[in-house]
Amino acid sequence: MAEQRPAAHLARGLRGIGLSGVTVAGAAAAGVLTSIRKAYPRAPQAAPAEGWPPATPVSEGRLAVAVVLGASGSVITDAVGPYEVFARSQGFFVYTVSASRPTAMLSGGLAVVPDYSLDDVDAGLAPEPEVVVVPAVAAPNGRKEAPLREWIGRRVDRGAHLLGVCNGSRLLAATGLLDGRRATSHWSSIRGLGRSRPQVDWVRGQRYVQDGTLTTTAGVTSGVFGALRVVEQLAGAGEAQRVGQELAYPGWVLDGPIGIPEQRWMPRDLASLLAVAFPWRRPTIGVGLLDGAGELDIAAPFELYANSFAAHTVPIAANRTITTRHGLRLIATPTDATAPDMDRLIVPAAHTTDEVDPQLLTWAADRGLKVELPNGGQAAGQFSFDAMLADLAGHSDQTTARVTAKSIEYPTEQLELAGAGWPWRPTALSALTLTAAIGIALLPAATRRSRP
């Protein structure tokens with residue numbers, strides 16, 4: 001009997017450790033699933049009851065640019081960054097296209113009404129694109145995106161230029177169109193892509209890589225650089241210079257260096273992992289949308305808060321639909337009784353409250369919400385992401401803001417960030433989960449001692 005006791009103690013200890021591990025893993029898995037579902041919620045299934053005006057006809061002499069939106073969901077800035085770059089130029093006509101109808105979902109919970117379907121382009125109901133912009137999609141290798149992969153191949157056969165933004169290269173790699181060519185992607189994906197697609201010459205440490213009519217970019221905001229390069233190629237250096245100066249992306253100059261730091265995982269990136277795995281008790285931020293607002297101004301809060309998982313974002317407007325400055329058609333939660341409770345309301349495209357829809361102001365006042373204008377103090381010539389990164393640092397913490405900037409490959413040297421030093425909400429939740437797991441680990445031994 002004495003010889004059996006150590007073995008029994010060991011068995012109980014292993015059972016306890018196993019239960020503890022299952023508890024932590026289960027809580028983290030549930031958190032990750034919740035985070036993903038919040039980042040890409042189900043798209044509205046019905047078009048606006050009031051309908052939309054028809055898509056703008058193509059102006060004579062303009063080059064058509066198709067920004068594709070995945071049926072599984074697309075990264076918002078990957079799509080709308082190049083959209084705004086091309087739309088600011090008189091040399092291009094930009095439209096959105098998707099297999100997802102009547103709406104397509106962007107990260108952060110913003111739904112778009114695509115101008116055309118993939119079939120519309122094939123049938124000649126939409127202009128054949130000279131440029132196809134491919135953002136990162138949620139399931140690049142999945143069945144949902146099979147029609148898009150085939151559609152992109154047909155566009156290449158007809159001579160289209162491709163602009164793959166960030167992990168949009170995953171979808172392009174799945175088509176086989178990158179085989180035997182040079183390409184880049186988000187810094188966290190290149191090693192895995194090198195293993196899964198060794199036929200591609202993957203390049204690190206560059207904003208964008210060009211191989212003939214193929215341009216691929218590094219993470220998220222690098223799509224602005226890639227789009228400006230394509231503008232320079234097809235519309236001239238003067239036009240690229242004008243658009244680039246208007247956008248005021250930090251550090252961008254025409255024909256400037258395209259090298260960027262070769263990022264690697266660092267200890268402080270744990271902040272992002274904690275936020276993904278322990279998303280509970282996150283604040284909900286209403287993002288007020290205004291007709292005529294700039295696309296990147298709108299994208300900034302959805303991108304930064306969804307990417308950091310520091311808050312849940314909800315688009316809200318006086319009406320259910322809004323149209324951006326360059327014609328992007330968006331769906332919002334209207335200011336009525338169905339709008340969810342919110343902890344904050346920010347209006348990123350407004351500089352003064354006079355620019356905010358009075359109906360939105362009244363709705364906020366009735367709910368006791370202060371209308372916050374992150375860009376209200378923005379200096380002239382400042383990129384919209386600067387103000388929103390400062391907002392993220394101030395309302396979450398500096399580490400989260402810097403890790404998020406690293407994730408979207410956005411420079412921070414020009415920023416003065418203030419706020420807490422570390423994300424304590426997910427850290428506290430992880431500590432509580434670990435404490436509970438330790439308690440569960442002790443259950444087998446406690447049960448044994450309680451037996452007569």
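G61 counts as exposed because its relative accessibility is 71%, where exposed means over 50% relative accessible area, buried under 20% and partly exposed in between (1.4 Å probe, protein chains only). The model is predicted: local features need pLDDT of at least 70, side-chain atom pairs count only at pLDDT 80 or more, and totals for chains, interfaces and linings use all residues. Residues are numbered from 1 along each chain as its sequence is written, and side-chain values use heavy atoms, with hydrogens and water left out.

G61 sits in the loop that runs between helix 1 (4-39) and strand 1 (63-69); helices (H or I, at least four residues) and strands (E, at least two) are DSSP runs numbered from the N terminus.

The protein chain as a whole holds 15 helices and 18 strands. Of its 452 residues, 53% are buried. Where contacts (heavy atoms within 4.5 Å) join residues at least 6 apart in sequence, 73% of them link residues at least 24 apart.

The lining of the second largest pocket comprises 11 nonpolar, 5 polar and 6 charged residues. Here Ala, Val, Leu, Ile, Met, Phe, Trp, Tyr, Cys and Pro count as nonpolar, Asp, Glu, Lys and Arg as charged, and the others, Gly among them, as polar.
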